[in-house]
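The entries below follow the order in which I went through them.

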Amino acid sequence: MAAEPAFKVMFEHEGVFLHPSSDEEIEPDFLVSGTLRILDKDAEIVVEYRPLEDAVDPSNMLCAGKDSSSVVEWAQCPGDRPQSQQLLEAQLSYETEWDMVNAVSFRKRRSSNMEGSLNSSHERSRWAFAFSVSDLRSVTVREEGWTFIILQLKDSSTPLPHLHFHQGGSRAFLDSLRRFALLTESPSDHTCLLVSTPNKALSQSFENLLDDNNFGLVHKFKRDPYVTTLGGLSKVTNYLFDALRGTEEQQQRPPEEVADLLGEVIPGLEINQQEEPGFEVITRIDLGVRPEVSRKSPLTADDWARHQDADGRMKDVPDLKHAVFKGGLCHALRKEAWKFLLGYYPWESTHEERKTLQREKTDEYFRMKLQWKSVSEEQERRNSRLRDYRSLIEKDVNRTDRTNRFYEGIDNPGLVLLHDILMTYCMYDFDLGYVQGMSDLLSPILYVMENEVDAFWCFVAFMDQMHENFEEQMQGMKTQLIQLSSLLRLLDLAFWNYLESQDSGYLYFCFRWLLIRFKRELSFVDVLRLWEVMWTGLPCENFHLLVCCAILDSEKQKIMEENYGFNEILKHINELSMKLDIEEILQKAEGICLQIRSCKDLPRPVATILGFDVESRCADSTGCGSALASGAARREGGISNGHLRESSCKQSGRGAFVS
């Protein structure tokens, strides 16, 4: 059975037209209708246009080989069919047919009297093209009664036909494109968006990022004096730093390039909420005075009990969440409250319903645990993925929070539970399995729950929020870094410009903060406080990004006054670990949220990142109840990375039987 093509469709829209009437040999009214797609092929993002109705005719096409170093001409003339057929059998797969990255060109076949003119099928086929997003220079948005887009590649010798969106869809296309590239307004043309793609380091898996043999970074790590102060996960940050820094000769940018960078507009991921064909730009905006806010005392067991009815249902849930957000929870209450905050227990459930749920989840957990427990050594020798998962889990468990009394010492039962839960999660989500850093997310949950089953299902719920951080393409991390850059530019343009001038505009030094939600930056007790506050979903979506902004706001003066460069910025941020005051940070982050919310001319990209666009639409409509309910449900289900995953507690176990 043939293997499936290694690609994933990230965007698809039918009814995109080409107007090839400029060609003298084409009928004036001839239009080509086709499908526009964005594909993820082996960690490379490709834009493809494919005419509808007929498959691409390879007889008229020149396409680049996989390495883009040679051009293959397809020809199926009767005289050379055997050789051509051999070539087709070897190369005409999905990847080869559409891998036209640098050589998008067409060659007309001569028409004889017997062949006649090309039929419409051939005409449509000749307009297929595809290219890598990394080869895209600019996107120009124009209007001519409808929206059409002009794509220009860095190789100007290969012009692409204009894409006409007669039936809409240009906004959705730009939406999707912004997930993989930064689009900034050209200083000389407000309709033109310049394209830049983040460094490919973030597209590598953890295994690649930490594989020094592949990237030859060992000697660089040894030269950096501060590397020894960083934990295991900080190798990821340092790899990104090394990959971005390049050679010493490349560190100094010419003045004109720095000037261009300082004038660039950092876009948000959701920069496209306005009407077509325009786009919205984040510019310097007066946000007004930041309001003063105060924190409160942690919620007590008596406070919690007052929010329960006789049957155990939680009441006045919005008020309860607000109280948790403002003060957190006393430790004795966390074991029960976290199950609600993470979605393991429904807020409206009764005592009896929760007991029934817990029995069902206990059975489900141990069925999955039995799967890996029953695998023999002989079976495991034939299952390299399970073997690798087990090896990595054992290594990470033995170095996770060993200074905490719950995990310290040899043969600690807490370590056994940590290991067993992570192995069982591999059975629950075998596609993801285990990735370095997940033990950091489980450790506080197990510490609070003190129960294997409850800890597992709470961890599953948390991973549903954090899943994209650990996927091989790390799309969640790229999304969050772009969103954070948008917020920081709005809050403090001068500071953002300084970071950009030091090649730090991508904010890669925040990588570890976002990856494991400040787990390595705060004391264990402060991590518990921060996580429960964030799980309330208040006061906005993606509140963790405002926590990042609050930390940077406190450090910007030192960074700028000391004139820190890339090296020093990364070193300084890493040295903040265990020196941060969580209550001060939460207070400042809430103040930033209120300051942004009160802005009358808030750019729509920022409003979208923080979820304020839902509130605005609700305020302008009469039927706002459903909108508010929708927003609340999204926050209750766990918003993270700008993406929502289905609530895990309602899913059945996805056991993966192995042999």
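Entry 1: I began with Thr-147, which stands opposite Phe-165 in β10. Strands and helices are DSSP runs, E of at least two residues for strands and H or I of at least four for helices, numbered from the N terminus. I note for the record that this is a predicted model, in which local features need pLDDT of at least 70 and side-chain atom pairs count only at pLDDT 80 or more, while totals for chains, interfaces and linings use all residues. Residues are numbered from 1 along each chain as its sequence is written, and side-chain values use heavy atoms, with hydrogens and water left out.

β9 and strand β10 (residues 163-165) pair in the antiparallel sense over three bridges; pairing requires that DSSP finds at least two bridges between two strands. I then looked at strand β8 (residues 136-143), which pairs with β9 in the antiparallel sense over seven bridges. In that pair I found Leu-136 opposite Leu-153 in β9. β8 and β9 form a hairpin with three residues between them. In its turn, Gly-145 has a positive phi of about 85 degrees.

Is strand β9 mostly covered or mostly open? Five of the seven residues of β9 (residues 147-153) are buried, where buried means under 20% relative accessible area, with a 1.4 Å probe and protein chains only.

**Entry 2: strand β7.** I checked strand β7 (residues 129-132) and found both faces covered. Phe-129 and Phe-131 are buried on one side, and Ala-130 and Ser-132 on the other. In a regular strand the side chains alternate between the two faces of the sheet. Strand β3 (residues 44-51) pairs with β7 in the antiparallel sense over four bridges, and the bridge partner of Glu-48 in β7 is Ala-130.

**Entry 3: α18 against α19.** Two packed helices are described by the angle between their axes and the distance between the axes. I looked up helix α18 (residues 438-449) and helix α19 (residues 452-470), which pack at an angle of about 155 degrees with their axes 9 Å apart. The axes are lines fitted to C-alpha atoms, for helices over the stretch in contact, and angles run from 0 to 180 degrees between N-to-C directions. The angle makes α18 roughly antiparallel to α19 (over 145 degrees; under 35 counts as roughly parallel).

On the α18 side, the contact (heavy atoms within 4.5 Å) is made by Met-438, Leu-441, Leu-442, Ile-445, Leu-446 and Met-449. The α19 residues include Phe-459, Phe-462 and Phe-470. By class, I have 13 nonpolar, no polar and one charged. Ala, Val, Leu, Ile, Met, Phe, Trp, Tyr, Cys and Pro count as nonpolar, Asp, Glu, Lys and Arg as charged, and the others, Gly among them, as polar.

**Entry 4: α23 against α26.** Helix α23 (residues 524-534) and helix α26 (residues 582-597) pack at about 25 degrees, with their axes 10 Å apart. That makes α23 roughly parallel to α26. Which residues meet? From α23 I listed Asp-526, Arg-529, Leu-530 and Val-533, and from α26 Ile-582, Glu-583 and Leu-586. This contact has four nonpolar, no polar and three charged residues.

**Entry 5: Cys-548 and Phe-518.** Cys-548 lies in helix α24 (residues 543-561) and counts as buried because its relative accessibility is 0%. Leaving aside neighbours within four places in sequence, I found Cys-548 in contact with Leu-484, Trp-513, Leu-514 and Phe-518. Its C-alpha atom is separated by 9.9 Å from that of Leu-487, 61 residues apart along the chain.

I followed Phe-518 to the loop between α22 (511-515) and α23. Its phi is near 65 degrees, a positive value in a residue other than glycine. At 1% relative accessibility, Phe-518 counts as buried.

**Entry 6: other backbone points.** Asp-401 also has a positive phi, near 50 degrees, and sits in the loop between α16 (384-397) and α17 (413-428). At 18% relative accessibility, Asp-401 counts as buried. The peptide bond from Leu-538 to Pro-539 is cis, with omega near -5 degrees; Pro-539 lies in the loop between α23 and α24.

**Entry 7: totals.** Buried residues make up 53% of its 659 residues.

Terms used. Angles under 35 degrees count as roughly parallel, over 145 as roughly antiparallel, 65 to 115 as roughly perpendicular and the rest as oblique. Buried means under 20% relative accessible area, exposed over 50%, partly exposed in between (1.4 Å probe, protein chains only).
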